[in-house]
Amino acid sequence: MCISKVLKLFKKPKPPVVLPEPPPLTIPHPEEPMNPDATIYNMNLEMVRQAWYQVWKVPTKSQAFFDKVILKLDPNFPYLAGTAGNEITFQPVWCNKGTMAHEMCHIAYALLTDKEKSDFEATFNTVKDEPIMKLVNFNRGMVENHADTYRYIGDNMPEVLKRFYRGLFND
Ligand SMILES: [Zn+2]
């Protein structure tokens with residue numbers, strides 16, 4: 001290497017240090033679109049349950065419990081989906097893993113004592129303004145807030161809330 005080239009190397013101005021922009025915060029589990037082709041004949045409820053287990057990382061030891069939840073399809077159901085006792089009914093077009101996550105969360109909520117339910121509300125109110133929580137439109141009451149936090153944010157929800165999701169996270 002000739003001396004002029006070596007000098008050039010020293011002259012090279014240092015590039016300014018630019019910190020990378022943090023990635024924009026996005027909803028970890030965005031809503032699936034309605035599937036107009038889904039019918040009671042081509043929908044496989046067990047596959048949807050398994051997809052929920054996989055994507056929301058439902059602990060293996062809890063799966064025997066959630067396997068016992070009865071799943072049904074009804075194209076004339078008055079809601080997109082609904083939970084009553086140990087049974088979830090879906091309109092076929094809205095039967096997807098996100099809806100499954102939401103409804104299964106109602107099953108988990110029912111396991112909480114009244115004290116835990118009120119503790120959830122108090123804890124939820126302390127974290128509802130965190131950036132990740134701001135991505136979700138919470139306006140349908142505390143039971144729906146509980147389910148939508150899990151359904152949209154899953155594992156990324158504030159740690160203090162996880163104890164109110166029995167069976168849905170590894171302890
Ligand atoms: Zn709900």
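**Reading the model**

Mentor: Start with M100, which is found in helix α4. Helices here are DSSP runs of H or I with at least four residues, strands are runs of E with at least two, and both are numbered from the N terminus. Residues are numbered from 1 along each chain as its sequence is written. The model is predicted, so local features need pLDDT of at least 70 and side-chain atom pairs count only at pLDDT 80 or more, while totals for chains, interfaces and linings use all residues.

Trainee: Is M100 buried or exposed?

Mentor: A residue is buried if 20 or more other C-beta atoms lie within 10 Å of its own, exposed if 12 or fewer, and partly exposed in between, with C-beta atoms placed from the backbone. M100 counts as buried because it has 26 C-beta neighbours inside 10 Å.

Trainee: Which residues does M100 touch, not counting those up to four places away in sequence?

Mentor: Two residues are in contact if their C-beta atoms, placed from the backbone, lie within 7 Å. On that basis M100 touches V48, R49 and W52. Separation along the chain is another matter: M100 and F124 are 24 residues apart in sequence, and their C-alpha atoms are separated by 22 Å.

Trainee: What should I check in the loop between α2 and α3?

Mentor: Check phi. Most residues other than glycine have a negative phi, and most peptide bonds are trans. K57 lies in that loop, and its phi is near 50°, a positive value in a residue other than glycine. K57 is partly exposed, because 13 other C-beta atoms lie within 10 Å.

Trainee: Which residues have the most contacts inside the largest nonpolar core?

Mentor: In soluble globular proteins, nonpolar side chains tend to be buried together. A nonpolar core is a set of buried Ala, Val, Leu, Ile, Met, Phe, Trp, Tyr and Cys residues joined through C-beta atoms within 7 Å. The largest one here has 24 residues, and W52, A101, M104, C105 and Y150 have the most contacts inside it. Two or more residues each come from α2 (45–55), β3 (87–90), α4 (97–109), α5 (114–127) and α6 (142–153). The largest share, 6 residues, is that of α4. Domain 1 (32–111) and domain 2 (113–166) both give residues to this core, so it lies between them. C105 is in contact with H146, A147, Y150 and R151, leaving aside its neighbours within four places in sequence.

Trainee: How many residues does each domain give to the contact between domain 1 and domain 2?

Mentor: Domain bounds come from an automatic or database domain assignment. The C-alpha centres of domain 1 and domain 2 lie 20 Å apart. The contact takes 10 residues from domain 1 and 10 residues from domain 2.

Trainee: How do β1, β2 and β3 pair?

Mentor: Two strands pair if DSSP finds at least two bridges between them. β2 (residues 81–84) pairs with β3 in the antiparallel sense over 4 bridges. β1 and β3 pair in the parallel sense, also over 4 bridges. F90 in β3 is the bridge partner of L73, and A81 stands opposite F90. At A84, the residue opposite is E87 in β3. The hairpin of β2 and β3 has 2 residues between the strands, and G85 in the turn has a positive phi of about 60°.

Trainee: Which residues form the covered and uncovered faces of β3?

Mentor: In a regular strand the side chains alternate between the two faces of the sheet. In β3 the covered face has I88 and F90, and the uncovered one has E87 and T89.
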